[in-house]
Amino acid sequence: MLIKKAPGLTYSDVTPRGLYMGRRNFLLGVLVAGGAVAGWRRLPGLFAGPPTGSVPVKLNGVVPGPYSTNEMVTAESAVTTYNNYYEFGTGKSDPSKNARNFQTSPWSVSVEGEVAKPRTFTMDEILKLAPLEERIYRHRCVEAWSIVVPWIGYSLSTILKQVQPNSNAKYVAFQSYYDRKQMPLGPDAGIQLPYVEGLRLDEAMHPLTLLCVGMYGETLPNQDGAPVRLIIPWKYGFKSIKSIVKIRFVKDQPPSTWNIEAPSEYGFYSNVNPNVDHPRWSQKSEHRLGAGLFARPVATQMFNGYGEQVASLYNGMDLRKYF
């Protein structure tokens, strides 16, 4: 297979989208539903004018990636306005409004722990480590909705191999960016911040696990985890940690935010399993985001349909106990 090398690309070298994006987001921000507003802190930036934060820019040199589904892609407008990102608000529409002023440049990610060559990568270095691939992955969220998105990035193992993990490394821990100045709603999130997640080493090294820098042909929007996040398509969406600043190889199973907050509801593994219900709802079916009010739910597949690639990782494990 011929793989094209991406041309020289820096994180700040591309022209941003037109000013129409700022105008559109501003107009959306000023539309407030009738009735009392519960808490002024939940509406920062409502009348703040055009956004001042980072905006998506076009990514060049992207090549088709492996493992892509042929299912219909979810509309970009749906994926960028219905998000879980508690640092910018707990409502699904909050992040798209409240992350408008989030600055993601300069940015770096430290990779450390049980490794021979700990290193800090700038975003320019991350973008140049490997050809950028577009992978159209299904993504299943624990609240029983799902999306199909053309994510852009490359296998996480590419960057992990750079630091040469040693024999003590059994798990990989991840940490999100958190700054109360940029994320003033963080104290209202109801969870400990910064957000943390973890994978077993073989899960992190699996080629399906994507270090993601973009979607829909552009860099990531702020509300979708800019500038770099994970996408782990066979696990529930909360495992795909956003806005990563630290990766650490460790000996023992690391803490993960939702497992800390509600261990009976959110297990460490969090593999998509329609046979294990969430304590408050069934996981047997899902609704495709943007499919319409009257669209029929879709049956949820084991490992989100990626069983052929990942089921062998869990041979012999009780997937009800290790949920």
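In the predicted model, Lys235 and Glu203 form a salt bridge (a side-chain nitrogen of Lys or Arg within 4 Å of a carboxyl oxygen of Asp or Glu), with the closest N and O atoms 2.8 Å apart. This pair links distant parts of the chain, 32 residues apart: Lys235 lies in the loop between strand 10 (229-231) and strand 11 (244-250), and Glu203 in helix 6 (residues 201-205). Helices (H or I, at least four residues) and strands (E, at least two) are DSSP runs, numbered from the N terminus. Lys235 is buried at 0% relative accessible area, and Glu203 is buried at 1%; buried denotes under 20% relative accessible area, exposed over 50%, and partly exposed in between (1.4 Å probe, protein chains only). Residues are numbered from 1 along each chain as its sequence is written. Local features need pLDDT of at least 70, side-chain atom pairs count only at pLDDT 80 or more, totals for chains, interfaces and linings use all residues, and side-chain values use heavy atoms, with hydrogens and water left out.

The whole structure contains 13 salt bridges. In one of them, Arg138 contacts Glu71 with the closest N and O atoms 2.6 Å apart. Arg138 belongs to strand 4 (residues 133-140), whereas Glu71 is in the loop between strand 1 (63-64) and helix 2 (76-79). Arg138 is buried at 9%, but Glu71 is partly exposed at 24% relative accessibility.

Strand pairing requires at least two DSSP bridges between two strands. Strand 12 (residues 285-288) pairs with strand 5 (residues 145-155) in the parallel sense over two bridges, with His287 as the bridge partner of Trp145. Strand 12 also pairs with strand 13 (residues 298-299), in the antiparallel sense.
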